[in-house]
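Hi there,

Here is the structure I promised to pass on to you. Have a look at it first, and then read on for what turned up in it.

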Amino acid sequence: MEKREETGLGEEDALSGGVHILNWAGDRSLDGLRVVVHELSTSEGLGHDDDVERFTEMAAWYLGREHATPVATRGDLTVVAPTELSRSVTVWGQSVSPRSREAVTLDASSPRGRGQLKALVQTGLRLAISAEEYEVPTLDRVVSHTPALRSEDEKFALYPKFDLTVDVPASGTPLLHVEAGHTVRTTQVLADTHSPGDDVSGITVEHDTTVYDDKSRGTVQGWSDYRYTDHVPGLDQSVASYHEGLLNEQMRQELIGQNPRLVRVKYGPGFEGHQAPQILRRSVREEDVQEANPEFYRQYQAKKSLLPDDRVSYARSFISDLSRIPVLDFDFSVGNGPDSTGYDCVPIREGGRRLAFGDQSLHSVPTEGLREHGVFSDPGDYSLGVLAPSRVADLGEEITQLLLKGLQEVGAPTRTRFIEYELGATSDYTEQAAQIRGEIDCALVLVPDEDQVASFDMFDDPFDELKQTLMRGGVASQMLQKSTADDLSQSNADLSNEKFANILSALVAKAGGTPWQIADLPGETDAFLGLDVTYDSDTGQHTGASASVVLADGTTYAAESTTTQGGEEFSVDDVRQFIRELVFDHGTVMGESIEHVTLLRDGRMTEDVETIRTAAQEMNLEADVVAVRKSGQPRIVEYDASRRRLDLADKGVAFVDRDRDRSVLLSWGPPEVQLSSARGTPRTLGIRHHSGPSDIETLTRQVYWLSEVHVGSPARSGRNPVPIEYADKAAEYVRDGFVSSGQVIHGPAYL
């Protein structure tokens, strides 16, 4: 990797001032590329349980590597390549032979043509990356072999890593997004720290890919009964023989001479292998580094977040290391800087005054809008209960007075009732909360700090039980840790205090008021339905589906989460239930006429789009179906030509590709984030319009303004549109047991 420059752009770059998307363009269009279609035959055939799609993908990669040419799949057991393929490869123990069928032309104006071109560029890109300089298990996990930083004790090293995304717009010009970052690794292998007889069970390890051509990760189960040159029955050969062609040959010969004891490694469900500890690196977590070497951890954190200049510098350095893309015969050019080919820049804020507060007054900053104009609508006549442990009753009284004053200032005056409770057993909390929940409309609950609860065994943590019991009685609550309450009291907090402003706004919303809303949202949508699939990180399974409905003015009135969802898709029954209960029924209750709904799906759209549209049409609703991707999208930055410097761009700008009905949106950043204190470059959202009458620019504008109505956070807007954000929070609310699965949550109780 070449030495990084002081600024992100090289001397030859001719970038104009303004906002730019961080894509890098190929130096020619691939539209009209002629390719040869090949059918694949196997020596033994595939079984009914075999993953044919995955098999074809593997065959395409091995064929491409064998012929030094890009190869892409075109259906089951069918591939395309820009040249004719003649040699067989081995995949899953079978011989795979290609047979040319016909030549076709790839049209970049069609989705299928673009998809084929994208796949060919992806495989060509892998071939263009030097194996001597980078490890390339997949394009989203490219890691430099050269560390950017080493610890003084030589135990840890920080390596540049890259997530590469290829895109092909309708022009056919390939685009490359280089998402740069770092990964920390230990420089020691398992054999450096443990000897036969030591306890190694439970240690998470990964292959040392600097010497071993296989990127795998697993958990050590213990020492094996076999040595390196022993015949292993399950492998039907020795590990030494298996390593031939995979492991650095010099190292393999050294291990044959040493003949070390192997360890047993569980690589996945039902698969345990035997491996040499000399090629197993111990996987490192950030907390491990922090504990073992605080100074290196500090240096790592300083490098971890990349500002625009650093991010572009790393991208330029990586692209400069690429060979010319083989056979397709093009380079990704760094000479002209980032390239917006295929996209139009669309400013969205346009002054930013689209948020409505008291007396319909407009403002662009929620905290200032609340301070100057008050809430859009107050909850009416409501009672706020302030619950505090008796041992900190004085603090509870002080917080009560602050709340009274603050709510009065934002135009949502309330009656308050201060209630002391005793710290003790969980059953005590149940009884105390049940007694008062019929007398209040919402609550602020002062609770001990989480670490304080963990260090004492004299009382149970009141957080969950008080919140659950109040919610069962229809009382939404805002929880406040004692340390935060101390800070608010000591500073005599007002709306200039971010935490206090957030608390006031959340209480108004939970009591039934509207802190602020969107004025004149573009488009014809009457309501937005956010859809989210719940992921259980412990089991690796998708276990639930959730949704929230937000009206076109940004006000929230219902959410729901189920825990019976399997896989990664919504069933048609889930969608029907959410539309019926959250949109149709509650729209009628609220007196809203809902004729057009926009469904915002969190992440990739894996469901059948027509199934979702059909579920809406069954209730006579017009529907747009949109996916909002939160990761893997190009960043957006601003270039100051006078200083030749890249900086953070102001939020509220998008790059729109009308030909493909997609956009990239910067929904978070300055002016809320100060350039002087920024620690990284804000991520963007990718918006994909799959079906429906609205145009992509209008949908992008809607998604942006829906990110500006996080009523639980007026001090700083969120990155995600609230229908998706609140669907996720509703799912968490159900997982934590505050409401039952399938129960409709009225209002934003989960904030």
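Asp-520 counts as exposed, at 67% relative accessibility (exposed is over 50% relative accessible area, buried under 20% and partly exposed in between, with a 1.4 Å probe and protein chains only). Asp-520 sits in the loop between strand 27 (517-518) and strand 28 (527-536), and it has a positive phi of about 55° although it is not a glycine. Helices (H or I, at least four residues) and strands (E, at least two) are DSSP runs, numbered from the N terminus. Gln-360 is another non-glycine with a positive phi, of about 60°. Its place is the loop between strand 21 (355-356) and strand 22 (362-363), and with a relative accessible area of 54% Gln-360 is exposed.

A word on what you are looking at: this is a predicted model, in which local features need pLDDT of at least 70 and side-chain atom pairs count only at pLDDT 80 or more, while totals for chains, interfaces and linings use all residues. Residues are numbered from 1 along each chain as its sequence is written, and side-chain values use heavy atoms, with hydrogens and water left out.

How confident is the prediction? pLDDT is the predictor's confidence in each residue, from 0 to 100. The chain has a mean pLDDT of 88, and 93% of its residues reach 70 or more. Confidence is lowest in helix 16 (residues 572-589), with a mean of 72, and highest in strand 36 (residues 662-666), at 98. Over residues 1-6 the pLDDT is below 50, and this stretch has 16 contacts in the model beyond near neighbours in sequence (a contact means heavy atoms within 4.5 Å). Where pLDDT is low, the predicted coordinates should not be read in detail.

A cis peptide bond joins Pro-670 and Pro-671, with omega about 10°.

Next, the second largest pocket. I used a 1 Å grid over the protein atoms alone: a pocket is an open set of points where a 1.4 Å probe fits, with protein on both sides within 12 Å along at least five of seven lines, and lining residues have an atom within 4 Å of a point. The volume is about 1100 Å³, taken as the space filled by probe spheres set on the points, which are joined across faces, edges and corners. The lining has 46 residues, and Lys-161, Gly-181, His-182, Thr-183 and Arg-683 lie nearest the centre. By class there are twelve nonpolar, 14 polar and 20 charged residues (Ala, Val, Leu, Ile, Met, Phe, Trp, Tyr, Cys and Pro count as nonpolar, Asp, Glu, Lys and Arg as charged, and the others, Gly among them, as polar). Strand 11 (156-167), strand 12 (175-186), strand 19 (280-282) and helix 7 (294-304) each supply at least two lining residues, and the largest share, nine residues, comes from strand 12.

Helix 7 also contains Gln-301, which is buried, with a relative accessible area of 19%. Not counting residues up to four places away in sequence, Gln-301 touches Glu-286 and Arg-679.

Helix 13 (residues 463-472) is mostly covered, with seven of its ten residues buried: Glu-465, Leu-466, Lys-467, Gln-468, Thr-469, Leu-470 and Met-471. Their cover includes strand 24 (415-421), helix 11 (426-436) and helix 19 (722-735). After helix 13 comes Gly-474, with a positive phi near 80°.

In helix 5 (residues 249-258), Met-251, Arg-252 and Leu-255 are buried. Seen down the helix axis, the buried residues of helix 5 fall within an arc of 100°, so they line one face of the helix (the arc is that of the directions from the helix axis to the C-beta atoms). The face turned away from this buried side carries the exposed residues Gln-250 and Gly-257, and what covers the buried residues includes helix 4 (239-242).

Finally, Val-597 is part of strand 31 (residues 596-602) and counts as buried, at 0% relative accessibility. Leaving out residues up to four places away in sequence, Val-597 touches residues including Thr-525, Val-583, Ala-616 and Asp-624.

Best wishes
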